[in-house]
Amino acid sequence: MSVRDSLARSLHGRLDDVQGDAGYGDPAEHPPRMGFFTDTSVCIGCKACEVACKEWNEVPDDGYALSGMSYDNTQALGASTWRHVAFVEKPLHPTTTDLGLPGMGPPGWDTHESGLPRAAPAGADQATESGGANDDAGVRWLMSSDVCKHCTHAGCLDVCPTGSLFRTEFGTVVVQPDICNGCGYCVSACPYGVIDLRKEDGRAFKCTLCYDRLKEGQTPACAQACPTESIQFGEVDELRERADQRLAELHEKGVDVARLYGRDPEDGVGGDGAFFLLLDEPEVYGLPPDPVVPTRDIADMWKHVGAAALTLVGLGVASFVSSAGRRR
Amino acid sequence: MAEAHPVGFQWVMEAKRRGATIIHVDPRFTRTSAVADLHVPIRAGSDIAFLGGLVNHVLSHDLDFREYVVAYTNAASVIEEGYRDTEDLDGLFSGFDPESGQYNPETWQYVGATEAAAAGQRDPAQAAGGTSGSHGQRHEAARSETHGSGGPGVASKGERDETLQHPNCVFQILKRHFARYTPEMVQSVCGISPHQFAQVADALTRNSGRERTSAIAYAVGWTHHSVGAQTIRTAAILQTLLGNIGRPGGGIMALRGHASIQGSTDIPTLFNILPGYLPMPHAAEHQDLESYVEGDAGKAGFWGNMRSYAVSLLKSYWGDAATADNDFCFDYLPRLTGDHSTYNTVKGQIEGRCKGYFLVGENPAVGSANGKMQRLGMANLDWLVVRDMAMIESATFWKDGPEIDTGELVTQEIGTEVFFLPAASHVEKAGSFTQTQRMLQWRDKAVDPPGDARSDLSFYFELGNRIREKLKDSTDEMDRPLLDLTWDYPLEEDGEPDGAAVLREINGTGPDGKALSAYTELKDDGSTRCGCWIYCGVYADEVNQARRRKPHWEQDYVASEWGWVWPANRRIIYNRASAAPDGTPWSERKKYVWWDAEQGRWTGSDVPDFVVDRPPDHVPDEDAKGPDAIGGQDPFVMQTDGKAWLFAPLGVADGPLPTHYEPPESPVRNPLYGRQNNPARQKVSHPANPINPSYSEIFPYVFTSYRLTEHHTAGGMSRTLPYLTELQPEPFCEVSPRLARERDLEHLGWATIVTARSAIEARVLVTDRMRSLRLGDHVVEQVGLPYHWGPNGITTGDSPNDLVNLTLDPNVYIQDKVGTCDIRPGRRPRGADLTAYVEDYRRRAGVDPDDPTDGRTDR
Amino acid sequence: MRGEQSMVPEADVQPFESYYGKQIIKTPTWKTPDVPLYLFLGGLAGSSALLAEGAALSGNTTLERFTRLVAAGGAGAGTVCLVHDLGRPERFLNMLRVLKITSPLSVGSFILAPFSALSSAAAASQVTGRLPVLGRLAGVGTALFGPPLVTYTAALISNTAVPAWHTARRELPFVFAGSGAAAAGGLAMLALPVRAGTPAHRMALAGAALEVGAVATMEHRLGMVAEPYQQGGSGRLMRIARGCTVAAAALTVVGRRSRLLRAVAGASYVAGSVVTRFGIFEAGLASARDPKYTVVPQRERLRARQEARAEPA
């Protein structure tokens, strides 16, 4: 990409034609932007996505360690884990609502359309009963398949000094392993903690949104494998609509804790190509609450760099002027 | 279901999306519970009490679907005067023989049913297998299953009171039997609060009836018990009372433990049945074909045509050599002489009576209960053939099994010659799977198997070829069965026998050699061949129907053109019950199969499970036999009286009605009856199978084993793969926070779990998902054990099945996976210290060294 | 097994949730000592280039010679550090495939490369006496690239998600500028006689003041994210650095005529500069490892935005 191009690119804020901004021309000249909508409310934690991804992309195994983090032994995204299913066991407390924190209470459970009672979450009522069978109020178990967000404004892409990371015609962000020299800048620039260097190999790796499959008109491996369609693949615009509908549906059913994450094109990364429906705060899942692409502030940074450089020059000049003055 | 069947579970999620209520009853909170509307934690092994409570709820509040119950079940049937219920005998039914440990069902019969005079009618006592002279506590050859899928015969419907008021009618007996299964009793037996119980009862009953149906899905949490069959029975009673059988959205679905295990009983690998659930003939009773079929010939319904099915099977096996003159080679069939079930076979191996063993895709060293007994058995064989994709523990027990470590077995002293043959996986061969919906789905071969790996089909075909080659010049009569077999499958290009040809043979062919289309075409004169009558039709029109893949979005919701379902591609059996007695649908919303008066036939979205042109008002003749005996209002066509059996006069070894008995090892006394355990349960007497004394302080906790999504059964197919291993890389147990505190267990620390059989170690996960259950004033703690681990593979560990005691359900010989145990922090002792450690526990618990299998709970 | 982590506040950290206490962003993969050493060497080399130019203009040959060598040597050593830090060092030239101004590392490659070349040329010319005019021109060029070399690395580490670095993006360039000046001046003070080194000691003193002032401003402004600069191992390094720098300044003033004291001061400036870089580097790593530095400020930001939206216009 030329200097002029990199200057002309949008660095933050809403960007409707991500590929066009990257140099692919008009929307008519490139495919629509593709991405994922991961609806964690229907995730059953089966990890088929993790395995399908590894099988298709020939990603090496990532170590065998019992983490104790519920059923999550994968622990985090990384160079050798491109789909990571998070598990969070949250005890339900009868006094939960007293904490007054938004979204801390159990999902609302009332009645179906048919009028049939929909039961309260496990044990939520029991604790208020004397002589209830169980001593605790129950538990809820959140599950979510995390993945690279393929941000509209991608920190990893912005900082890559070799041009290894690039924006594809589908609007996704992909690393070219034959160029990457393992400088590690992308690793620190990702606000979500997705990309990493592979130790023995030295290079950076991350989810490619199955770029090779997309080029053949196929569905990425994880979405293909997901049995409950928690991972939905499609055009980002359409996925956003679907997500809005799903959210409305859940809210109507009283599931107030449901919220969308990464859907908003005005957020700190311009919206994610892979976004989510969550049932709790993002940080509960290990996601940053308010991610911002670091490069948003690059102009500010260069200004200060420039000012500091000038200050240094000033210091230099002053050091000699005074001494010159002295010597004269 | 989400844990063990994540792909199938997508349909539950779809149902939920459309507004279904999902209720999950399980000792632990699993990935199913996470997305269910309600999770009901239950003490493992107490399900009959819970279901019985629901039955009582339905009966006490008149919430049953009365029309359905009166017309389609045996609720109205009147039972013999001499019948005594568990309510009368404190946990026993009438007819129990303490000597043999078996019931004589004479007193359980319909009034008027024993008068029938069909020639050769078996008398009920004989039919139920109550022969005298059995050895110790061993049961005679699997009598329940000699009845095949049709169940035993009652000669007629007997006396019926359709007002359901007669004090001895089934309906009233049912009410009395379950009267004490109140919500309070459910709480003290199961640990389920009355509030939660009410939620379940309410949801279930409100969603049943004309306009709505509810479905129950279960798995081995119900079947792996010494009362397993009765647990299913209780669910069947419940669903029948609610009118949920034979109707769309209703029913009871068994979630199997293996993708084709339904197929493994249809084309059986079980000792006591032949394809299509024909019984394996018994040496004493079935000297010829006539005596073999006579008991069933008189039956009502399609089971009455048993002779045709049997003859066609024999013709399929022995082709032209089978003629009317030689009883169609009936003599060639092997005979039962006793109980040859798997655990008894293991005993036989240990005692030196069984010399050889084929293990094909099975790993008993890890996957079968009481692992030590399995390995002791295998160590005493002459030869062992193992076919598998990975080097499983059953092939290497002789060098690295736990008993080598403790010194109980010494490698150099094990004389077993082990042959390991690499096997092809299911993508490396073509063939069918038959799953829980009775659906056959054909899979094509995707890749060639690597190296020397071969399919089981090619192995057996080749084995047969070689044996026949060796015997070809033999004049010994004993070799005729092998030499006369039809053994001529065509080979594919790669040398593999053509699986489709085998399927076609199973489907059967007519006198013209063409594939048959329906089992009604089978004859008993030798003109038809059929390898499995219930599969007849899978190759109709010379098309592999199991290979059909019309997507569901191109069909209605019944989707009849995906795969092929036995029998006759009928998707819901007993679907006559989806219409009222007059043949009209119960409701517009739930219409499925109904009577079209104009056309004079049954019609609808599915193949009717009925004689297609028999009107709803048809009354059969008194002496009608076979399908002719089915009346217009008898939807349960495989039952000889055409009715659903709320009360089972025959065919169930441990009682006509389900009763709550405690598991053989239990921390508490049976709150319902004086009798602690299932009196008819089958014990396996062997020093390697000592039982924990119940309500013991030494073994105060309940343990249960179960599955994780990430691993597969004994782990041969998952613990050998990096991608699956890293998902669950180490064996662990799950305990509640309270138990962790009580026993000082640390999250991610080690724990030793010990029973009278053995002790194992595992890492500890402390989790709220394991619930402390309050039963009365007693808190019961449960230790959860994923059972996938063994010593071989990338991730290795001790096998929880080494803890399990072998006590079997008397109907189907399935073991209990629940027992009692102790759990202590830290790793287990090694080597000889391990046996000493376990010995110490036995001593302290009071296990009787002279009679270790006596749990001393029988009065 | 609790999924949430309710933190009982130590000091005034609000309770926050996390995923089993695991960090959200990745720990930087940059190695120690490679990268902090490079930060130091870049600052040293770039500032030395300025000193060299000033020395050339004012006819201070001793100073000029020394600083030219330092500039070249520093750039060379720095380049070695950078290449060694790469996951695939053999592919270091890929850095020059593109020039992206969104990537300070990319821009930096195009600062370091010319600087290395020019400073080597100037030093070579200086030492051999050959091609003095070209050497002189090279020297001017070096001086032009010098200050950017010193300060661009601040943008490099700031343009990341690492809280301790990104939040400090305004002050870090000045910290680096001051630190570079102190290092260059200090080294010259250490190596050279008093008279020749006079501009150096002024540079060092001014640089020290700038550095200390900028760090103080930074810590004041950062809020909770200042913690890694004040606590733990990284905090200790920062304190040592400040100590060295302040001591060096004091010694500079006090030991105006003493060769020994000035040498000690010089060494102390250098030490301070080195340790500052390590301190800042470690502070970054620490802020990446603890999720609270990511979660709490972001929650604060969200809350502030929500409140702003809720207020009547």
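Two residues count as being in contact here if their C-beta atoms, placed from the backbone, lie within 7 Å. Keep that in mind for the views below, and keep in mind too that this is a predicted model.

**View 1. Where chain A meets chain C.** Using that cut-off, chain A puts 66 residues into the contact and chain C puts in 72. On the chain A side, the elements that supply two or more residues are α1 (3–8), β2 (83–91), α4 (155–159), α5 (185–189), β6 (196–197) and α9 (298–327). Look for α9(A) in particular: with 19 residues, α9(A) makes up the largest share of this side. And what kinds of residues does chain A bring to chain C? Sorted by type, there are 37 nonpolar, 19 polar and 10 charged residues.

**View 2. Chain A and its two domains.** Chain A has 328 residues, and 57% of them count as buried. The chain is split into domain 1 (3–92 + 138–292) and domain 2 (302–328). Taken over C-alpha atoms, the centres of domain 1 of chain A and domain 2 of chain A are 47 Å apart. If you take the contacts in chain A between residues at least 6 apart in sequence, 62% of them join residues at least 24 apart.

**View 3. The largest nonpolar core.** There are 330 residues in this core, and the members that touch the most others are Cys156(A), Cys186(A), Cys190(A), Val55(B), Ala310(B), Leu314(B) and Ala181(C). Which helix gives the most to the core? That would be helix α1 (residues 34–57) of chain C, with 14 residues. Chain A takes part through both domains, as domain 1 (3–92 + 138–292) and domain 2 (302–328) each provide at least three residues. Zoom in on Cys156(A) and, leaving aside residues up to four places away in sequence, you'll find it touching Leu165(A), Val173(A), Cys186(A), Ala189(A), Cys190(A) and Ile195(A). There is also a second, separate core of 59 residues, and its members include Ile350(B), Val366(B), Leu376(B) and Met770(B).

View 4. Why is strand β3 (residues 139–147) of chain A largely enclosed by the rest of the structure? Nine of its nine residues are buried, so the strand is largely enclosed. Val139(A), Trp141(A), Met143(A), Ser145(A) and Val147(A) point one way from β3(A), while Arg140(A), Leu142(A), Ser144(A) and Asp146(A) point the other way, and all are buried. Next, find β2(A), which runs antiparallel to β3(A) and is joined to it by nine bridges. In one of these pairings, Val85(A) has Ser145(A) of β3(A) as its bridge partner.

**View 5. A three-stranded sheet in chain B.** This open sheet is ordered β12-β13-β14, with antiparallel pairing. Its edge strands, β12 (431–434) and β14 (564–565) of chain B, each pair on one side only. Four bridges link β12(B) with strand β13 (residues 439–443) of chain B. Across that pairing, Gly431(B) sits opposite Arg443(B).

**View 6. Strand β20 of chain B and its partners.** Four of the five residues of strand β20 (residues 750–754) of chain B are buried, so the rest of the structure largely encloses it. One partner is strand β21 (residues 759–766) of chain B, which pairs with β20(B) in the antiparallel sense over five bridges. A hairpin of four residues connects β20(B) to β21(B), and Val754(B) stands opposite Ala759(B). Strand β26 (residues 818–825) of chain B also pairs with β20(B) in the antiparallel sense, over four bridges. There, Ile753(B) faces Ile823(B) as its opposite residue.

View 7. Helix α14 (residues 306–318) of chain B has 13 residues and reaches 18 Å from its first C-alpha to its last, close to the 18 Å expected. It is mostly covered, with 13 of its 13 residues buried. Just after α14(B) comes Gly319(B), with a positive phi of about 50°. Over in chain C, helix α7 (residues 198–221) has 24 residues and reaches 35 Å, close to the 34 Å expected. Since 17 of the 24 residues of α7(C) are buried, it is largely enclosed by the rest of the structure. Just after α7(C), Gly223(C) takes a positive phi of about 70°.

Key:
Residues numbered from 1 in each chain as written. Chains lettered and ligands numbered in written order. Predicted model: local features only at pLDDT ≥ 70, side-chain atom pairs only at ≥ 80, totals over all residues. Core = buried A, V, L, I, M, F, W, Y, C linked by C-beta atoms within 7 Å. Buried ≥ 20, exposed ≤ 12 C-beta atoms within 10 Å, placed from the backbone. Domains from an automatic or database assignment. Nonpolar A, V, L, I, M, F, W, Y, C, P; charged D, E, K, R; others polar. Pairing = 2+ DSSP bridges. Expected span 1.5 Å × (residues − 1).
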